[in-house]
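These are my notebook entries on one model, kept in the order in which I looked things up.

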Amino acid sequence: MELDSLYQEVILDHYKHPQHKGLRSDYSAQVHHVNPSCGDEITLNLTVSDGLISAISWDGVGCSISQASVSIMSSLMMNKELSEAQTILDEFVALMQSKGNGSPDVSVLEDAVAFAGVSQYPARIK
């Protein structure tokens with residue numbers, strides 16, 4: 001199986017079976033993002049206790065890439081210290097800004113490396 005096909009399967013699996021979807025009423029912080037160019041919309045609730053991300057919930061609508069990315073990232077961030085979460089975020093942003101030329105650290109990004117192909121299309125990134 002080709003690597004691109006495997007990545008597409010990971011994205012579609014998270015799109016069809018999203019992790020942590022469904023907003024919780026208790027949270028420490030909430031963000032809401034809309035991509036006006038395509039209509040993707042996501043609300044994310046985060047609970048932080050003693051420097052640890054203890055709960056993540058989200059809801060949204062949009063394409064498979066936007067929905068899978070929040071599913072994958074919410075799974076990656078769960079139960080991480082804030083410094084670990086920042087490392088994951090920095091690695092993901094670097095991948096998305098690489099325009100397809102990045103070398104993502106699989107040990108940091110895990111399933112999020114599936115978005116390496118998306119980085120070739122800046123219009124798909126928000």
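I took strands as DSSP runs of E with at least two residues and helices as runs of H or I with at least four residues, numbered from the N terminus. I counted two strands as paired if DSSP finds at least two bridges between them.

I noted that this is a predicted model, in which local features need pLDDT of at least 70 and side-chain atom pairs count only at pLDDT 80 or more, while totals for chains, interfaces and linings use all residues. Residues are numbered from 1 along each chain as its sequence is written, and side-chain values use heavy atoms, with hydrogens and water left out.

**Entry 1**

I looked up the strand order and found an open sheet of three strands, 1-2-3, with antiparallel pairing. Strand 1 (29-34) and strand 3 (52-61) are the edge strands, each pairing on one side only. On average, neighbouring strands of this sheet are turned by 15 degrees against each other, direction ignored. For such angles, axes are lines fitted to C-alpha atoms, for helices over the stretch in contact, and values run from 0 to 180 degrees between N-to-C directions.

I then listed the bridges. Strand 1 and strand 2 are antiparallel and joined by six bridges. Alanine 29 has leucine 46 of strand 2 as its bridge partner, and glutamine 30 has asparagine 45 of strand 2. Between strand 2 (residues 41-49) and strand 3, also antiparallel, I recorded nine bridges. Here serine 49 is bridged to leucine 52 in strand 3, and valine 48 stands opposite isoleucine 53.

**Entry 1: the two hairpins**

I found six residues between strand 1 and strand 2 in their hairpin, where glycine 39 in the turn has a positive phi of about 90 degrees. Serine 37 is in the loop between these strands, and its side chain makes a polar contact of 2.6 Å with that of asparagine 35. A polar contact is a pair of N or O atoms within 3.5 Å; within protein, one must be able to donate a hydrogen and the other to accept it, and residues adjacent in sequence count only if both atoms are side-chain atoms.

The hairpin of strand 2 and strand 3 has two residues between the strands. Most residues other than glycine have a negative phi.

Is aspartate 50 buried or exposed? Aspartate 50 is exposed, with a relative accessible area of 81%; buried means under 20%, exposed over 50% and partly exposed in between (1.4 Å probe, protein chains only).

Helix 2 and helix 3 pack at about 150 degrees, with their axes 10 Å apart. Met73, Leu76 and Met77 in helix 2 meet Ala85, Ile88, Leu89 and Phe92 in helix 3; contact means heavy atoms within 4.5 Å. In the loop between helix 2 and helix 3 (82-96) lies asparagine 79, another non-glycine with a positive phi, of about 65 degrees.
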